[in-house]
Amino acid sequence: SAIPGGLSSDATGVRVTYVGDGKTYKVLFSDGNKSAFGPSRRSPSWQTDLPTKEGIEETTTIAFQSLTPSLQGGPVDTDAKLDPTQIQEMGFMLSLKLSSGKPNPVETYGSGIFPFSLKIKNIEPVSGDCSAETSAT
């Protein structure tokens, strides 16, 4: 989804409320200049894993400092820093690979043809202390 104008410079993360299906998804942030997976990608996308519990509403805070830079879907070493004012896109995906580049296990990905569901209920920017936290209701 597009984030016109980016986030404020004091944003340190986002808080996401969602209902999952027991699979592990990726959350991606991008400056929106190129496809996050295109071969001509010049700046990294930033990603983290989002494990879910089947049918349980959860809220988690994703600190920008905890994100992994990624090019062409895999982690990359870079001196680039994530600037919240440059974030133009945020997305969620079920991926064969985790943010570490390791395979997403069958238990948290699936095999063959299978249903999947991630319902995003709310996303809000967080400023100040952005300690990673997860709560279930």
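1. Two strands pair if DSSP finds at least two bridges between them. Strands (E, at least two residues) and helices (H or I, at least four) are DSSP runs, numbered from the N terminus. On that basis, Thr24 stands opposite Pro51 in β3. β2 and β3 run antiparallel and are joined by 6 bridges.

2. The model is predicted: local features need pLDDT of at least 70, side-chain atom pairs count only at pLDDT 80 or more, and totals for chains, interfaces and linings use all residues. Residues are numbered from 1 along each chain as its sequence is written, and side-chain values use heavy atoms, with hydrogens and water left out.

3. The chain has 1 helix and 9 strands. From the N terminus, the order is β-β-β-β-β-β-β-α-β-β. Contact means heavy atoms within 4.5 Å. Of the contacts with a separation of 6 or more, 80% join residues 24 or more positions apart.

4. β3 also pairs with β5 (residues 68–71), antiparallel, over 3 bridges. Here Trp46 stands opposite Pro69 in β5. Buried means under 20% relative accessible area, exposed over 50%, partly exposed in between (1.4 Å probe, protein chains only). In β3, 5 of the 7 residues are buried, so this strand is largely enclosed by the rest of the structure. For the chain of 137 residues, the buried share is 40%.

5. A nonpolar core is a set of buried Ala, Val, Leu, Ile, Met, Phe, Trp, Tyr and Cys residues joined through side-chain atoms within 4.5 Å. The largest one has 18 residues; Leu7, Val14, Phe29, Ile62, Phe64 and Met90 have the most contacts inside it. β1 (11–19), β2 (24–30), β3 (45–51) and β7 (89–94) each supply at least two of its residues. The largest share, 4 residues, comes from β1.

6. Which residues does Phe29 touch, leaving aside those up to four places away in sequence? Among them are Val14, Trp46, Ile62, Phe64 and Met90. Phe29 is buried, at a relative accessible area of 1%. Phe64 is buried too, at 8%.

7. Rings of Phe, Tyr and Trp (its six-membered ring) pair if their centres lie within 6.5 Å; planes under 30 degrees apart count as stacked, over 60 as edge-to-face and the rest as tilted. The count is 3 aromatic pairs. The ring centres of Phe29 and Phe64 are 5.5 Å apart and their planes stand at 80°, so this pair is edge-to-face. Phe29 lies in β2 and Phe64 in the loop between β4 (57–63) and β5, so the pair ties together parts 35 residues apart in sequence. Tyr109, Phe114 and Phe116 form one aromatic cluster.
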